[in-house]
Amino acid sequence: MAEQNQKQDEVRQLVEHATAQAFQAQIPQLQSQIVQRVLQALPAAGGVAASGAGEDSGTLVHAVSNIHAGSTQKEILRALLDSGSGYCARIALFVVKSGAASGWQSRGFGDDEAVKDFSLDLNAGPVAHTYQNRVATPGNIAEMGRRFVAQFGGPANEQVLVLPLTLKEKVAALVYADGGDSGKLNSSALELLVIATSAWLEVVSLRKQAAAKEDAALGGRVETAPPPVQTVSSFSDPFAAHAPMHVPAAIPSAAEVVEVPSARASSAAAPAAAADPWAGMSAEDADIHRKAQRFARLLVDEIKLYNQAKVAEGRRHKDLYDRLKEDIDKSRGTFQKRYGNTAAASGDYFHNELLRSLAEDDVNIMGSNFRR
C-alpha cells in the first residue's frame, strides 16, 4: 500500500509539473491575444481621439503597454489610472466587495487618495446599470447622488462615465471618469484600457498560479494557510477574493503558498541565485531592473507584432533600423521616460532587447544607421 501511494505521489508531481509548464508556455500567447483584441478595436477609438484631444492609436497602444508592464495587481491598477488620466480629466477606481463599492485611488481629483473609502450607491444611476449589466454607462453627474456631488463636485458639461472592470465574469471594480473643466472624455479609449486591464489581471493571476504549481512539483511541501482578514478599506490586495477562471479553485494562490524547501529544492536554488544578474543589489534596485527588462521586452514585442512584414524585409536586407526608425525611436523614448532616471538606466535594456529580439543577436541586421 505504501509503495502504491508513493507511485501515486510521483505521478501527481509529474502531472503538476507538466501542467505548470503548459500554463507558462501559454502566457505569451495570451498576452499577444490581448494586444490583438485591443488593436482590432483601435479604429473606433482612434476616430474618437482624432476628433477630440488628438491622441493617435500609437499613444493608446503605449498606454496598454504601461498596463501590461505591471506584475502585481496594485501596479496594474495604478497604471490603469495613470494611463486613463490621459483620456479624461478625472478618473477613480472603486473596488467592489461584499455588495459594496469603496474608493481606492483616483487621478485628477487633487489628491490620489481623495476617493479612498468613499462608498458608491450600487442601486442607482449609471453605477447600478454598469454593475448589473457589466457594460460602460454614460450618465449625468446628478445621477451619481448628492453625497458624491457634494464631496467631489462635477464636470462642467455634467457628463460622466462608469465602466466595469471584470474578473472571473464578475464586476470586481467600477471605474468612474468625467471631463472636469476641460470636457475631455474619450469613452472608447477608456473602455479599451479597462478591457485590457481586466484581461491582464487574469493573465497575471494565471502566472502566479502556474508558478505555485511549479514550485510544488519541484519538491516543496505546499501548505495552505487561512486567507488574511481584510476589510474593503485596506485594499492591500483589491481583488483577493477573486481567483482566475482558468485554474481550479483547489490550487492555492501564490500569496497562500508556504514552501518548506526539500534538499532537492535547496540544491536547485543555489545555481539559480548564482545566475541572478542582479545579485548583490538591494531588493528595490533589483525589482526596478526586472521591471525595466520586462518593459523593454513588451515594447520590442509590440514593434515585431505590428510590423511583421517590415521585420522580415529588414532582416533580409540588413536595414532593419531604417525601416522601423519611427517605431524604434518612439519606443526608446517611452522607455527612457519611464526608466532613464532610475537604477535600471545602466542596464540599457531596450537597446539590448532590440539586438536580441529584433536583430536576432546580429547587430549588422540593424543597418549602418543604427546607434551601436
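This is a predicted model: local features need pLDDT of at least 70, side-chain atom pairs count only at pLDDT 80 or more; totals for chains, interfaces and linings use all residues.
## Helix 5 and its neighbours

The buried residues of helix 5 pack against strand 3 (119-120), strand 4 (137-140), strand 5 (159-167) and strand 6 (170-178). Here, contact means heavy atoms within 4.5 Å, and buried means under 20% relative accessible area, with a 1.4 Å probe and protein chains only. Helix 5 itself covers residues 125-133, and its buried residues are Pro126, Val127, Ala128 and Thr130.

Residues are numbered from 1 along each chain as its sequence is written, and side-chain values use heavy atoms, leaving out hydrogens and water.

Strands pair if DSSP finds at least two bridges between them. Strand 1 (residues 90-97) runs antiparallel to strand 6, joined by six bridges, and leucine 93 sits opposite valine 175. Strand 5 is also antiparallel to strand 6, with eight bridges, and here valine 162 faces tyrosine 176. In the hairpin of strands 5 and 6, two residues lie between the strands, and lysine 168 has a positive phi near 55°.

## The whole protein

Zooming out, the protein has twelve helices and eight strands; these are DSSP runs, with helices (H or I) at least four residues long and strands (E) at least two, numbered from the N terminus. Buried residues make up 41% of the 372 residues.

Definitions and conventions
Buried means under 20% relative accessible area, exposed over 50%, partly exposed in between (1.4 Å probe, protein chains only).
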